[in-house]
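Subject: Structure handover

Hello,

Please find the structure below. My notes on what was found in it follow.

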Amino acid sequence: MQRILLASLLLVSVSACAYRPDPADLIHIVDSPADVRVCQRLGEVSPVVSTTPGFGSASDSMKEAVVALGGTHLYLEKNSEDWSLVRGIAYRCGPGIVQRETVIRAKG
C-alpha cells in the first residue's frame, strides 16, 4: 500500500514540474505611460487598431511580436478618447535596463 501511495505522489510531483507557460502569456499588458517610463522601448508592434469585437486576435499577435522582440510589456497607447483605437508598443522592463537620458545644452 505504501508503494502505491509513494508511486502516485511521485507521478503527481513530476507532472507538476512539466508545465511551461507560453511566452506570450507572460507579457504584461499596460495602458499607462507611467507603467513603462523606466523601461526600454523596443518598437511598435501594431498599427492603430480597433478594440471592437475581434480585438483578441489582434492583441494575441501584438503579444507574439513583443516576445519576438525580447520584450516583457505591451503598452496599449490610446488613440481615441473612448479607447476604441489603440496602438501596441513593446517594452523591456526589469533589472539591467539602462535608460538613456537626453541632455540639451544651451550654447552661449
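Two strands are taken to pair if DSSP finds at least two bridges between them. Helices (H or I, at least four residues) and strands (E, at least two) are DSSP runs, numbered from the N terminus. This is a predicted model, in which local features need pLDDT of at least 70 and side-chain atom pairs count only at pLDDT 80 or more, while totals for chains, interfaces and linings use all residues. Residues are numbered from 1 along each chain as its sequence is written, and side-chain values use heavy atoms, with hydrogens and water left out.

Overall layout

The protein has 2 helices and 5 strands, in the order α-β-β-β-α-β-β along the sequence. Of its 108 residues, 26% count as buried, where buried means under 20% relative accessible area, exposed over 50% and partly exposed in between (1.4 Å probe, protein chains only). Contact means heavy atoms within 4.5 Å. Among contacts with a separation of 6 or more, 64% are made by residues 24 or more positions apart.

Strand β5

β5 (85–92) has 6 of its 8 residues buried, so the rest of the structure largely encloses this strand. Strand β2 (residues 40–44) runs antiparallel to β5 and is joined to it by 4 bridges; here Gly-43 stands opposite Ala-90. Strand β3 (residues 49–50) also pairs with β5 in the antiparallel sense, over 2 bridges, and Val-49 has Val-86 as its bridge partner. β4 is antiparallel to β5 as well, with 6 bridges, and Lys-78 has Val-86 as its partner in β5. β4 and β5 form a hairpin with 6 residues between them, and Trp-83 in the turn has a positive phi of about 60°.

Nonpolar cores

A nonpolar core here is a set of buried Ala, Val, Leu, Ile, Met, Phe, Trp, Tyr and Cys residues joined through side-chain atoms within 4.5 Å. The largest has 11 residues, including Ile-27, Val-45, Phe-55, Met-62, Leu-74 and Val-86. Two or more of its residues come from each of α2 (55–69), β4 (73–78) and β5, and α2 gives the most, with 4 residues. A second, separate core of 7 residues includes Val-36, Cys-39, Tyr-91 and Cys-93.

Ile-27, in the largest core, is in contact with Lys-63, Val-66, Val-67, Gly-71, Thr-72, His-73 and Leu-74, leaving aside neighbours within four places in sequence.

Disulfide

There is 1 disulfide in the structure, defined as a pair of cysteine sulfur atoms within 2.5 Å. Cys-39 and Cys-93 form it, with their sulfur atoms 1.9 Å apart. The link is right-handed, with 110° about the S-S bond. Cys-39 lies in the loop between β1 (28–30) and β2, and Cys-93 in the segment after β5, so the pair ties together parts that are 54 residues apart in sequence. Both Cys-39 and Cys-93 are buried.

Aromatic pair

The structure holds 1 aromatic pair. Rings of Phe, Tyr and Trp (its six-membered ring) pair if their centres lie within 6.5 Å; planes under 30 degrees apart count as stacked, over 60 as edge-to-face and the rest as tilted. The ring centres of Tyr-75 and Tyr-91 are 6.3 Å apart and the planes are at 70°, so the pair is edge-to-face. Tyr-75 lies in strand β4 and Tyr-91 in strand β5, so the pair ties together parts that are 16 residues apart in sequence. Tyr-75 counts as buried because its relative accessibility is 9%, and Tyr-91 counts as buried at 10%.

Regards
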